[in-house]
Amino acid sequence: MSRTVYVNGEYLPEEQATVSVFDRGFLFADGVYEVTSVLDGKLIDFDGHAKRLKRSLGELDMAEPISSEDLLGVHRELVRRNDLVHGMIYLQVTRGAATDRDFAYPSKDTKPTLILFTQSKPSLANNPMADTGMKVISIDDQRWGRRDIKTVQLLYPSMGKMMAKAAGCDDAWMVEDGAVTEGTSNNAYIVKDGKIITRHLGTEILHGITRAAVLRFAREAQMQVEERSFTIAEAQEADEAFITSASTFVMPVVEIDGEPVGDGVPGSVAKRLREIYLDESRKVAV
Ligand code: PDD
């Protein structure tokens, strides 16, 4: 059955949804996006994603297509129309379609393009990888310098995912100036002597919405948190490693560049944080 997607104010069958060939998202990757997870038909941390979207748009001097309240309405309507139980909602805003290809931004009255669609993932919260853990490789971080803006320029992360697959692994952690920045589409963490260590915020990484929630829950549970950079060697010698993102929640990492992390099986801190995150987020889902 065809999905119903949202394009600029209209709900359409996916086959009928179109965007101009002059759209700047298509020509210049001049767009930003958000991915919000849905569990039991409810949105996880919608407010966090709406706030980050606002920030991304502001940093790029891009207009907000609709208000956050209206955006929530569109998310809910898509969940309803597609009978989405567990999965994700992808949202993208671009600077819209100018009349021609031009590096300079088009005039301010050019309407932004707003599209949203659902992705059904029945096993989202019961991902079997949470029991086995994932294997990562390290790669050079060759992305642009404003990774705090959630832009749709995702070619290098895609290449990183393919490098990981070619190595028989699940994902890649990117390294810059000797320190881990983040995973291709997630934030990276290690655990040493009970302390949770993850890179400090800055322009070098995306400020994960799941990261913010997980660190808050960890502190509330009296766990120690340190926000600083770490190396691959330190990660390989850690007791545990894990990642967070809206589509994986908290996911253990059990191998880095062929070296087992800790005992080579998912650790207790990652397991506990995953449980707390899922429980607490479900309680306040909208
Ligand atoms: N990715 N870092 C990067 C580079 C990301 O692309 C993402 C999210 C994260 C985690 O952010 P959050 O917790 O807000 O999902 C960190 C999404 C899920 C994606 O591109 O599909």
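A backbone N or O atom of Ala 246 is 2.8 Å from an oxygen atom of the ligand, a polar contact being a pair of N or O atoms within 3.5 Å. The side chain of Thr 210 places an N or O atom 2.6 Å from an oxygen atom of the ligand, and that of Lys 150 has one 3.3 Å from a ligand nitrogen. Of the 470 Å² of accessible area that the ligand has on its own, the protein covers 90% (Shrake-Rupley method, 1.4 Å probe).

This is a predicted model, in which local features need pLDDT of at least 70, side-chain atom pairs count only at pLDDT 80 or more, and totals for chains, interfaces and linings use all residues. Residues are numbered from 1 along each chain as its sequence is written, and side-chain values use heavy atoms, without hydrogens and water.

The shell holds 19 residues, each with a heavy atom within 4 Å of the ligand. Tyr 33, Arg 52, Glu 182, Ile 209 and Thr 210 are the closest. Strand 3 (31-39), helix 2 (46-59), helix 6 (209-220) and strand 13 (240-245) each contribute at least two shell residues; helices (H or I, at least four residues) and strands (E, at least two) are DSSP runs, numbered from the N terminus.

Notes: Polar contact = N/O pair within 3.5 Å; in protein donor to acceptor, adjacent residues only side chain to side chain.
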